[in-house]
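Let's take a walk through this one, starting with the overall layout and then zooming in. Keep the viewer open as you read.

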Amino acid sequence: MEQKKVRIGAVGISGRGSGMLELLLAVPGVVCPAVCDKYEDRALRGVEIVKESESYDGYEVNSYLDYNEMLEKEKLDALVVFTTWITHSKIAIAGMNAGLNVAMEVGGAASVEECWELVRTSERTGKFCMLLENCCYDRNEMAVFNMVKRGLFGEIIHCEGGYRHDLRDEIVLGRENRHGRLFNFQNRNGELYPTHQLGPISKVLGINRGNRYVSLVSVASKSKGLNEWIKNNKGEDYDLYGYDFACGDVVTTILKTAHGETVTLTHDCCLPRPYTRNYLVQGTRGIFSDIDDAASAVIEGVTESTHEWTKFSEIIEKYEHPLWGKYQKAGVKAGHGGMDYLVLSAFVEAAIDNVKPPIDVYDTATWMAITCLSEQSVAMGGLPVPVPDFTNGMWIDREPYRRGVYCLEEVCEDFFEEEK
Ligand SMILES: NC(=O)c1ccc[n+]([C@@H]2O[C@H](COP(=O)([O-])OP(=O)(O)OC[C@H]3O[C@@H](n4cnc5c(N)ncnc54)[C@H](O)[C@@H]3O)[C@@H](O)[C@H]2O)c1
């Protein structure tokens, strides 16, 4: 059968956008005739990336500095957004209004209204908006999801996760490197980057499909890490020396769901520490814990003792998600251990046939909203803040999801058997 094609425009060709564009072009069927960045050198680099890709067969590739002009002039089917946090939704909304299905990089929303606008635009245009939450497709996360669905953890009670990443240089040198994080840390105090672990956790808890987040509280520590880094690396003459950064070094958020589970999120990017997402899923029959990358589990009736950890590496093969089984056989592609290619493939699969994506606009809005809600809670000294129901009540009776290999609502074993 001839490979179906999808014409995708890409906006935001910095570090992340360049890497993602390269990977996107490796997904079968992708044609990228238009790239955009507000900086000309980056837009032109985007054209080079397309032309250097293996799948490139000589089609015309145009570069733009203005995404609205790109949307007006180009004949596209879909749009990918790799820009800064506060620009994602605006560009995604313009994309849907232009009749394109949209995927956008992760980040948090600046306002609840922004999230509603994403939802309403998607509902009105019939176009989807998928957050590219790659961590939903990481190997451990998918194996844990598979185990949850098989009932190995019993009833889920509590989950944890975080974005704990020493980004001090990337944040502070935002102006020198034309990078978007700095202004956020200067001006905003809250859980600025919630979705990496909230994505997988939300799929485990059935959020927006039978469950929802009802409220959260968020508390921020003081802010000292960036100042210390500036003192040691840039010195007293640097203009941000002694700057009063708004964002607390460690921000802790606790969410409560309609069915009584709790979720703790930690945002921690301004202190020296190794990267971790601290994933934890705990139920009545077991626990998975990846605190500081020592992935371990205890499962009643499976692991030796409930009082001692078993390394997850000893049991993962037994519970491998079939998507990862297939992926390992085919050859895992670069990009955060392989998950980037999977999330892009999931997007392309949906965009090619104009069908529902595995992460839809309700997931996108809910996960992104945690940022501005957390800012509100922090501003009020940790008071509880309600989480809007972006499904408008449908979470108790949704239309069925689309089953398939990239499905994040259930493990669709039959789709993998058909392929054998
Ligand atoms: N999923 C992941 O694992 C992962 C990893 C890294 C980064 N990210 C996310 O990817 C996004 C991009 O990250 P980055 O590190 O490349 O950021 P960056 O700030 O370096 O790049 C953003 C790019 O968007 C461009 N841009 C901003 N507004 C624009 C507009 N209106 N029109 C056109 N171009 C515009 C900027 O010029 C810049 O080149 C961020 O949301 C980041 O959080 C995700």
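This is a predicted model: local features need pLDDT of at least 70, side-chain atom pairs count only at pLDDT 80 or more; totals for chains, interfaces and linings use all residues.

How many Å apart do the C-alpha centres of domain 1 and domain 2 lie? They lie 25 Å apart. Residue numbers run from 1 along each chain as its sequence is written.

Domain 1 covers 6-134, while domain 2 is made of 135-321 + 361-419 (the bounds come from an automatic or database domain assignment). Where the two meet, 21 residues of domain 1 are in contact with 27 residues of domain 2 (contact: C-beta atoms, placed from the backbone, within 7 Å). On the domain 1 side, α5 (112-125) and β6 (129-131) are the elements giving two or more residues, and α5 supplies the largest share, 5 residues. Helices (H or I, at least four residues) and strands (E, at least two) are DSSP runs, numbered from the N terminus.

Now for the ligand. Its shell holds 25 residues, and the closest are Gly12, Ser14, Arg16, Glu105 and Gly180 (a residue is near if its C-beta atom, placed from the backbone, lies within 6 Å). Helix α1 (residues 15-25) provides the largest share of that shell, 3 residues.

Finally, look at helix α6 (residues 139-149): 10 of its 11 residues are buried (20 or more other C-beta atoms within 10 Å of the residue's own, all placed from the backbone). Among the buried ones are Arg139, Glu141 and Phe145. The buried residues of α6 pack against elements including β7 (156-164), α9 (195-205) and α11 (312-319). After α6 comes Gly151, with a positive phi near 85°.

Technical notes
A residue is buried if 20 or more other C-beta atoms lie within 10 Å of its own, exposed if 12 or fewer, and partly exposed in between; C-beta atoms are placed from the backbone.
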